[in-house]
Amino acid sequence: MHPQTRGMSFPKVVIERDTDSEEESSSEEENDQVDDHQSEEEDDDQVVENDASTSTSGKTKTQPITISLKKVCKVCKRLGHEAGFRGATYIDCPMKPCFLCKMPGHTTISCPHRVATEYGVIPAPCKGTRNSLEYVFARQLRPHIPAIKPTVVIPDQVNCAVIRYHSRRVTCLEFHPTNNNILLSGDKKGQLGVWDFRRVHEKTVYGNIHGCILNNMKFNQTNDGTVYGASSDGTISCTDLETGMSIGLMDLNPNGWQGPSSWRMFYGLDINSQRGILLAADNFGSLYMVDLRSNSSTGDSVLIHKKGSKVTGLHCHPHQPDLLLSCGNDHFARIWDMRKLEAGSSIYDLPHNRVVNSAYFSPQSGSKILTTSQDNRLRVWDSIFGNLDSPSREIVHSHDFNRHLTPFRAEWDPKDPSECLIVVGRYISENYNGAALHPIDFIDISSGQLVAAVMNPNITTISPVNKLHPREDVLASGSSRSIFIWRPKEKFESELRGDEKRIVLCGKDEKKRRQSDDESDDDMYSSKEAHWHAKSLIILLGNLLQCMDCHPTTICKFISSDKFCRRY
């Protein structure tokens, strides 16, 4: 049923024309009186009145143009109501279901999944399987998972950052496998950034590697000085981090642009360490393999998802690299066996309601699966050896974005031996002391509880790209063109003394920052010098007071001397 719009008053915009004199303009302002009540015939999209009248002096002048604007919903494009974000509050469209859980009957503000204790967990039916694979899992893999969860350490304070590091939004992040201080980042323009966040000012950006979006990066496990990248320009690159020299391993568009129907782009990327093969998938549903020893393609491409659909992610099992997990725009995540890889030969298909942004095996045992879908659901399968017909849990979480954002991907905490903690950015903003902030959520997938929501009042943009350090309590987040490093509060306070030097501004504001830093340094040095003189004066006066009884005349002469006055 369409909303009732008749009889409602809508805002009006008055656009005045240029007049010949100030008197005419003032008289027009006096005559510009618009009634608040409109007839039904005036309820069109725009009502334009352009009447001419004659002034008392006999000169003709033009009346102002009055435009009546109706409320238009940004969601359903209908008249009579508004929907969308207003500050930190999301106003639901009455024609659509809840924006968060996608269910009708309530609004986003009153959504039960938003205020639930377990943060909107939809439990799956209990599945008790008794097969050989479940027996092997219970005997070999489950003993390595601790029964008691370790204490969770949340990095909740911004330790350092580079503001406007990239020229376009950040699309992917990756920590160096051996150097704890190095963070790699890719952006929409295809640039590759190398940043040492312990030495904040040591940053490098290579802009000659790819022509457009750098979608994914992976390190070579045998050579940590090289990184592989998959880009939307249809190329796979191998880049030396020290020199910035890049080698093209594969190009799906050797003849250049031939139209959107034939342009191929790489998205998913991973490495099968056991076979020494680089795996990459494109936007037509095909999988390609590159031999890392010869840096050349091997075999033919294999259709692993629906033809013409984008393969958004690839992930090899941490202990059995021949097990491959893929996800795509065809609303499926699929498990493959690399030893028998051909079209339609997937071991299992995991259905979703909408596009699957990412799918990962758990980092320790590889027995769990975590997927992120555009239907605002995080799905968890507790055992790949059990029944995979339905997920073990569905966690309602806000990550369904509109456009101009990097897709949200829930990431495992690689340091958590219990394989329960994940991190994911949030799309819907929250009102924190009057500011609209988009927090980064830490969620316990075993119960669905929101462990922590970290935010900073200076970060008002959305943080869809997040990566946890594999060895330290560090979180890296990409928000728009900036990169932020988060640490726990205790470690942050220990390094607070040098905090003012750990925020780097790139671009036009960097010169202003340097000038202000120079001025602050001068002030600091002058204050130090004054402090030194004051301290010396106190010590001298103390010594004088001690010997005042012995030599009062000598002391008075010294204080009144020119040498003492010039010094102090």
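Me: Does Asp330 count as buried or exposed, and at what relative accessibility?

Reply: Bear in mind that this is a predicted model. Buried means under 20% relative accessible area, so Asp330, at 11%, counts as buried. Asp330 lies in the loop between strand E23 (323–328) and strand E24 (332–337), and its side chain is joined to that of Arg334 by a polar contact of 2.9 Å. Beyond its neighbours within four places in sequence, Asp330 is in contact with His305, Lys306 and Ser309.

Me: Which residues touch the most other members of the largest nonpolar core?

Reply: In soluble globular proteins, nonpolar side chains tend to be buried together. Here the largest such core has 17 residues, of which Leu173, Leu183, Trp195, Phe197, Ile483 and Ile485 touch the most other members. Two or more residues each come from E8, strand E9 (170–175) and strand E38 (482–487), with E9 giving the largest share, three residues. A second, separate core holds 16 residues, including Ile154, Val423, Ile440 and Leu468.

Me: Where is Ala161 found, and which residues is it in contact with once its neighbours within four places in sequence are left aside?

Reply: Ala161 is found in strand E8 (residues 157–163) and, at 1% relative accessibility, counts as buried. With those neighbours left aside, Ala161 is in contact with Trp195, Val200, Ile483, Phe484, Arg502, Ile503 and Val504. Although Ile503 is 342 residues away from Ala161 along the chain, their C-alpha atoms are separated by 5.0 Å.

Note on methods
Residues numbered from 1 in each chain as written. Predicted model: local features only at pLDDT ≥ 70, side-chain atom pairs only at ≥ 80, totals over all residues. Heavy atoms only, no water. Helix = DSSP H or I, 4+ residues; strand = E, 2+ residues; numbered from the N terminus. Buried < 20%, exposed > 50% of the residue type's maximum accessible area, 1.4 Å probe, protein only. Contact = heavy atoms within 4.5 Å. Core = buried A, V, L, I, M, F, W, Y, C linked by side-chain atoms within 4.5 Å. Polar contact = N/O pair within 3.5 Å; in protein donor to acceptor, adjacent residues only side chain to side chain.
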